[in-house]
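Good morning. I have one structure to go through, and I will start at the ligand.

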Amino acid sequence: MALLEIREVMVRFGGVMAVGGVDLDVQAGEITGLIGPNGAGKTTLFNVISGMQDPTAGMISVNGVDISHESPHRRAKRGLARTFQRLELFASLTVRDNVRVAAELASLTNIDSTVDRLLEKVGVSHLADKTAGELPTGSARLVEIARALATGPELLLLDEPASGLDESESDRLGTLLRELTEDGLGVLLVEHDMSLVMRVCDSIYVLDLGMIIAHGTPEYIQHDPQVLQAYLGAPS
Ligand SMILES: Nc1ncnc2c1ncn2[C@@H]1O[C@H](COP(=O)(O)OP(=O)(O)O)[C@@H](O)[C@H]1O
Ligand SMILES: [Mg+2]
């Protein structure tokens, strides 16, 4: 049994089939990549997993429990956390308070020490008292990850976390993600930075027009002719 199991999930927006019947597994302690061109359905699939979008059909389970009809809040209680493609920090709160709010919502104990530990872990301790709205994108993305971790998740969904990061920042992000999985966290990573995806993922799914067209190791995906044609070869 995988940590996250997605079975035949379909999402239709009027005449648009955004997700066309997807099967996908995320294992605990692994980073699973989800790549594909713009409009492939990646964010829609995240919305379905986190409960912000009802699927037209299909089933999602976490640790073997069907969560398909649960509220986003209930899913968060089960250990699901996400970040957003468009950053959604509270702009007027400090970095520390952004992370603290999430820890409080999750009713964690030892909130002060947890918040400090998470800021340290993602490498933004020196920014703790800055207002989130003043942060450059790279730092804001790290704070979003700290905030997601503050709910104590088993499964972390990351929607383009390296977007807006420079090369050294995305290197550090890669190292951070590997450290997190060593502690048993499962990660589903949507990302356009192919060097990051290929370096950190244990397995990768390729989504194109709402369908999984390939699944395998980074090595396999890089050499799959269908993938090269649909995605990797195409200008972004
Ligand atoms: N709320 C919505 N209403 C209508 N169409 C949508 C909505 N959200 C996404 N879509 C459409 O669904 C498809 C998949 O979009 P999205 O999941 O954002 O793709 P990706 O994240 O892979 O770029 C696109 O054709 C997009 O225009
Ligand atoms: Mg998207």
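Which helix and which strand each supply at least two residues of the shell around ligand 1? They are strand 2 (16-26) and helix 1 (42-50). Before going on: this is a predicted model, where local features need pLDDT of at least 70, side-chain atom pairs count only at pLDDT 80 or more, and totals for chains, interfaces and linings use all residues. Residues are numbered from 1 along each chain as its sequence is written, while chains are lettered from A and ligands numbered from 1 in the order in which they are written.

Helices (H or I, at least four residues) and strands (E, at least two) are DSSP runs, numbered from the N terminus. Helix 1 gives the largest share of the shell, three residues. Around ligand 1 we find, among others, Phe13, Val16, Gly36, Lys42, Thr43 and Thr44; a residue counts here if its C-beta atom, placed from the backbone, lies within 6 Å of the ligand.

Now the protein as a whole. Its secondary structure comes to nine helices and ten strands. The radius of gyration, taken over C-alpha atoms, is 17 Å, close to the 18 Å that the globule rule (2.2 Å times the number of residues to the power 0.38) gives for 236 residues, so the protein is as compact as a globular protein of that length. The C-alpha trace spans about 45 × 40 × 35 Å along its principal axes.

Last, contacts, meaning C-beta atoms, placed from the backbone, within 7 Å. Leaving out residues up to four places away in sequence, Leu189 touches Ile31, Thr32, Gly33, Leu34, Leu158, Val197 and Cys201. Of the contacts between residues at least 6 apart in sequence, 66% join residues at least 24 apart.

Key:
Contact = placed C-beta atoms within 7 Å.
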